[in-house]
Amino acid sequence: MSDRVQLQLDGAVATVTLNRPEKHNGLDLPMFHAIENTAKALRKRKDVRAVILRGEGPSFCAGLDVKSAFSSLPKFAQDFATFGIKRRNIFQEVGLCWRDLPVPVIAAIHGSCFGGGIQIALGADIRIATPDAKLSIMEVKWGLIPDMSGTVTLRELMPIDQAKLLTMTGRILSGTEARAYNLVTEVADDPLARAQELAREIAGKSPDAVSLGKTLYQRNWLVSENAALKRERRYQFKLLNSRNQRIAVKANIEKTAPDFAQRQFEG
């Protein structure tokens with residue numbers, strides 16, 4: 001990986017650390033590319049069953065490093081574009097790449113989580129924040145709009161009027177307030193410890209059921225009823241009598257700890 005992002009493996013749990021603490025993990029182009037490359041590397045690993053996303057130092061991620069961005073506008077403009085069949089630019093990719101992983105991603109949020117930082121966190125499946133964390137859709141402060149996939153992720157979490165309110169005001173919310181807005185899943189004094197606990201719990205479940213469960217909800221949330229039911233049937237048919245499903249049944253009947261095989265299925 002890059003010095004901007006560190007990847008650590010502890011058994012089946014991977015921890016991705018944004019590592020620019022002196023800048024509160026501000027996003028410059030090397031950071032964007034490091035995040036994208038880390039997610040690509042994780043995508044290939046069958047041994048990883050859960051990912052924790054965190055920030056080193058005083059903050060999770062304070063958003064775009066504005067000084068860096070405006071000092072290299074031509075390069076930023078080049079990366080802003082998409083070409084050919086590419087559906088996302090790199091800025092959108094670092095928000096949505098966590099959704100593409102076939103395993104759950106848990107963001108542990110502390111300190112500042114602003115602008116691009118919150119859009120990265122919103123790409124995680126679960127977000128845990130300290131009560132005093134500071135979260136904001138802050139782009140309006142710089143005369144901009146959220147363009148790192150925030151309009152995709154926010155619509156699944158809150159009504160449109162609340163999303164507009166937070167976008168138009170750039171209001172800074174505490175972790176506790178963000179929980180009330182549904183921006184975070186849980187509030188904990190030590191979000192990293194809670195994320196590790198939750199990651200270990202999930203890693204102990206069938207990796208096939210967890211992977212297909214993540215994809216099932218992600219793809220079904222905003223589709224028609226018929227399309228959702230069809231995908232339910234298709235995924236369940238894959239799981240029925242598969243190796244890991246048989247292991248889960250045997251462990252529950254015999255009341256023993258399951259020893260699951262590597263993941264076989266992805267959505």
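Analyst: A residue is called buried under 20% relative accessible area, exposed over 50%, and partly exposed in between (1.4 Å probe, protein chains only). The model is predicted, so local features need pLDDT of at least 70 and side-chain atom pairs count only at pLDDT 80 or more, while totals for chains, interfaces and linings use all residues. Residues are numbered from 1 along each chain as its sequence is written, and side-chain values use heavy atoms, with hydrogens and water left out.

User: How many salt bridges does a search of the whole structure find?

Analyst: A salt bridge is a side-chain nitrogen of Lys or Arg within 4 Å of a carboxyl oxygen of Asp or Glu. Searching the whole structure gives a total of 16.

User: How many residues apart in sequence are the parts that arginine 20 and aspartate 65 tie together?

Analyst: These two residues form a salt bridge, with closest N and O atoms 2.9 Å apart. Helices (H or I, at least four residues) and strands (E, at least two) are DSSP runs, numbered from the N terminus. Arginine 20 is in the loop between strand 2 and helix 1, and aspartate 65 in the loop between strand 3 and helix 2, so the separation of the parts they tie together is 45 residues.

User: Are arginine 20 and aspartate 65 buried or exposed?

Analyst: Arg20 and Asp65 belong to a network of salt bridges that also links Arg4 and Asp28. Arginine 20 and aspartate 65 are both buried.

User: Which helix holds arginine 99, the partner of glutamate 156?

Analyst: The side chains of arginine 99 and glutamate 156 meet in a salt bridge, 2.8 Å from N to O. Glutamate 156 sits in the loop between helix 6 and helix 7, 57 residues from arginine 99, which is in helix 4.
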